[in-house]
Structure formats: structure tokens, C-alpha cells
Amino acid sequence: MRVRTRSSAIIGTVCLVASLALTAASADEPAAARQAPKVALKNVATAQNPTAGVAGPGGKLWIAERPGTVRTLDSTGLSKPVLDISAETTTDGERGLLGIAFDKKFAHFYISFTNLEGTSTVDEFAVRNGKIQPQTRRTVITQTQPYPNHNGGDIKIGPDGYLYIALGDGGSGGDPHGNGQNLDTLLGKLLRIDPRGGKPYSIPADNPFVNDPNAKDEIWAYGLRNPWRFSFDAGTGDLFIGDVGQNDWEEVDRAPASSKGGENYGWGQMEGTHPFRGGTEPANHVPPVHEYDRTNFGCSVTGGYVYRGKAIPQLKGQYVFSDYCDGTVRSLQLKNGKVTAVNDLGVNGGEVISFAQGGNGELYVLAIGGSVFRIDPA
């Protein structure tokens, strides 16, 4: 899903070894905390290539499976598919069912997938009594993709109730079309739309580029390579984006809840805080809150969530994330928007493709091989 230049980060059969769970960090990053929170990974289910999860009605966790199915998870395990679009998507490259989201009232369910032609598509379903109503399905937005990688595909309902959509730069390698810095394309962007405000959607009046004739109105932030997973802090509303790097640097970007949008995260002039192939740092570049290099087996950051559960008090307020190739689950301690410590939580999820946050704030780790883990106290 999240692209590596040399091979697909989904299809590749990377052999991960838990004992290699080392922190891959730049030299000037904060040192690890003296005592990291003690956690364990409890395997609660096995899915078919899980890619995303979201808290749903009745306290259940809804799990998206890359081939095109959605199942629900409760204390009894995974259900039979509650939605199946497997005939409408494909798993070549980094394609498939890539994201799911509910609105705040669980009245509408959104799916993000690539169709058989490779076009990124977001569809909406009405939900009644906790069940999807297939006859209400409609397409909200589409975006053609020039290559089968860097699709992005994550979707979230923000604290403001609007739908946020992450799209990669269109693929290949090195952003050959310059999409990251081009405001006249939706590729390489984080979008913000109101799916219920018009047909098929409306643009929030306070989007940052609404009055710019040279920019797409849907854009909330830009300069992204492949923002495979992003999330909002349930406690503060802050935005975190795990943006996959090209060759050398993986990054986590942050915007405070007070942001008015318009952040430029630098790609393809910058890879993290480093000029990319002789690029020039944009004057409005917003550097990552955290970056790490690939010297210790990392290759593709998997963005997660700020922990707001109750089971692990020592982890509260920390941003939990991982890397597809390394598999180590880590956390960032933050103060006033700055990272003060990087913690190795001492557990390894294998090929970690995504995280999910339950309705109670507890976090789940999804591995592309099928394992669904809950992060529990050790």
C-alpha cells in the first residue's frame, strides 16, 4: 500500500524479525524515554489482508479487507462480510479497498477504494439500525491515478464533521509529474469536503484555497508523497499524517487543531527535512514533527493514533505508529506540539499496514498478513 520505490510494500514478502526492533531515527531526534509504557499485543482476530478499521455502531470495530470486504469485530470475533465490493476493485499494485469511515452519528458509511480501472473512488452508504443500506450507495468523489502506486486512500471524518481524503502523488517514483507542489491537481494532497452539503458534495467555505483560481478548492494540505494513514487526536483535534518517504526518510507530519489548512509538507522538493534530488525548500514548508532514516530496516511509515484509551494510562497522549518493514510499534511523546521522546514499545506487529481506534479509545494494530492485534497493558 504505502509505496517503496524498489518493490510494492503490499505484495513484497519482506521477512521481518522481531529482534531487529531498533529505533531508526535521525541524529538530532529526542532520545527515548527512560521508561517506555509496557504494552502487549493480543491477537483478537485474523482477517484477509486488513487495511483499515473504524469504530462503528454498537461498540463494534469495522475492519476493511483489501480484496473488497468489510467485517465487524466484537468480543465473539469477526463477522461475515457486511459489505462486499470485491468484484469492483483489484489488488494489483497498491490498489484495493483502502479506507472506511463513519459520520459522527453513524448515519452514513464511507468507503475509499480503487476501481477496476485504478481510479480512486469514495462512495457513501446510508446506515440504519447499524446496517448498511446497499440501495442508497452513491459516488462522492473520484480521482484518476496515473500509476498503480501512491494511491493514499485513507479517509476520516474530522472533528468538524467534514470528510478528509488522503491522496498520494500519483505514483511511479520521485513525483515525475510534480503533483506534490501543484495546486491544480488533487494528487499529493489531503482533501476536505462536505459529502452531505451538495451533489455529489460541497466545498467548505473556509477551505484554504477557495478563493484561489489556480488551486483546487478541495485541497486542505499539500506537498505529500503518499499519506497512507492519517488521524485526528480524539483529545485535542490535532492532525497527524504518516507520509511515506522515497529513498531515505520517513516522516510524521502534524497540524494543530487550530490550523486553517494550507500546510505545505514539502514533497517533492523535500523528503522530510532534507532537499530531495537538489530540491529547494519551499518558503512555507512545514517540517515534520518526526522523521527517521532507513538504516535500521524501516522503509515505509505506518501512521497511527494518539492514544486516548484507559487501559494503559502511561501511554495516554502519545502518538502510536509503526513501519511496514520494521514492524516495531513506537510512540512519540509530545509537548506543545514538539516531540520530547521516542519510545520503542517493545512489541512487533510484523508487516504493520494500519492502525484502528475503537470506540473506547483503545488501539488495534493491523498486519497485512491478517493479524488484528489489540494493544493491551503488559
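Is Phe106 buried, exposed or partly exposed? Phe106 is partly exposed, with a relative accessible area of 32%, where buried means under 20% relative accessible area, exposed over 50%, and partly exposed in between, using a 1.4 Å probe and protein chains only.

1. On the model. This is a predicted model, in which local features need pLDDT of at least 70 and side-chain atom pairs count only at pLDDT 80 or more, while totals for chains, interfaces and linings use all residues. Residues are numbered from 1 along each chain as its sequence is written, and side-chain values use heavy atoms, with hydrogens and water left out.

2. The place of Phe106 is in the loop between β7 and β8, where helices (H or I, at least four residues) and strands (E, at least two) are DSSP runs, numbered from the N terminus. Although Phe106 is not a glycine, its phi is positive, at about 55 degrees, and the hairpin to which it belongs has 5 residues between the strands. Strand β7 (residues 97–102) is mostly covered, since 6 of its 6 residues are buried, and 5 bridges join β7 to strand β8 (residues 108–114) in an antiparallel arrangement; two strands pair if DSSP finds at least two bridges between them. Within this pairing, Leu97 has Phe113 of β8 as its bridge partner.

3. Aromatic pairs. The structure holds 12 aromatic pairs, counted when rings of Phe, Tyr and Trp (its six-membered ring) have centres within 6.5 Å, with planes under 30 degrees apart called stacked, over 60 edge-to-face and the rest tilted. Tyr164 and Phe232 form an edge-to-face pair, at 4.9 Å centre to centre and with 65 degrees between the planes. This pair links distant parts of the chain, because Tyr164 belongs to strand β12 (residues 163–167) and Phe232 to strand β15 (residues 229–232), 68 residues apart. Both Tyr164 and Phe232 are buried. The rings of Trp267 and Phe276, by contrast, have their centres 4.6 Å apart and their planes at 50 degrees, so that pair is tilted. Trp267 is buried, with a relative accessible area of 2%, and Phe276 is buried as well, at 7%. Ring pairs also link Trp62, Phe102, Phe106 and Phe109 into a cluster, which brings the discussion back to the residue of the opening question.

4. Charges over rings. The charged end of Lys156 sits over the ring of Phe230, 5.3 Å from its centre, and that of Arg225 sits over the ring of Trp267, 5.7 Å from its centre. A charge is said to sit over a ring if NZ of Lys or CZ of Arg is within 6 Å of the ring centre and within 35 degrees of the ring normal.

5. The loop between β10 and β11. Gln145 is found in the loop between β10 (131–143) and β11 (155–157), and Gln145 is buried, with a relative accessible area of 10%. A polar contact of 2.8 Å joins the side chains of Gln145 and Ser120; such a contact is a pair of N or O atoms within 3.5 Å, where within protein one must be able to donate a hydrogen and the other to accept it, and residues adjacent in sequence count only if both atoms are side-chain atoms.

6. An open sheet. In the order β15-β16-β17-β20, 4 strands form an open sheet with antiparallel pairing. At the edges stand β15 and β20 (290–293), each with a single partner strand, so one side of each is left without a neighbour in the sheet. Strand β16 (residues 239–243) is joined by 5 bridges to strand β17 (residues 249–255), and the bridge partner of Asp243 in β17 is Glu251.

7. Cis peptide bonds. A cis peptide bond joins Lys199 and Pro200, with omega about 5 degrees, and Pro200 is found in the loop between β13 (189–193) and β14 (219–222). Another cis peptide bond joins Trp267 and Gly268, with omega about -5 degrees, and Gly268 lies in the loop between β17 and β18 (270–271).
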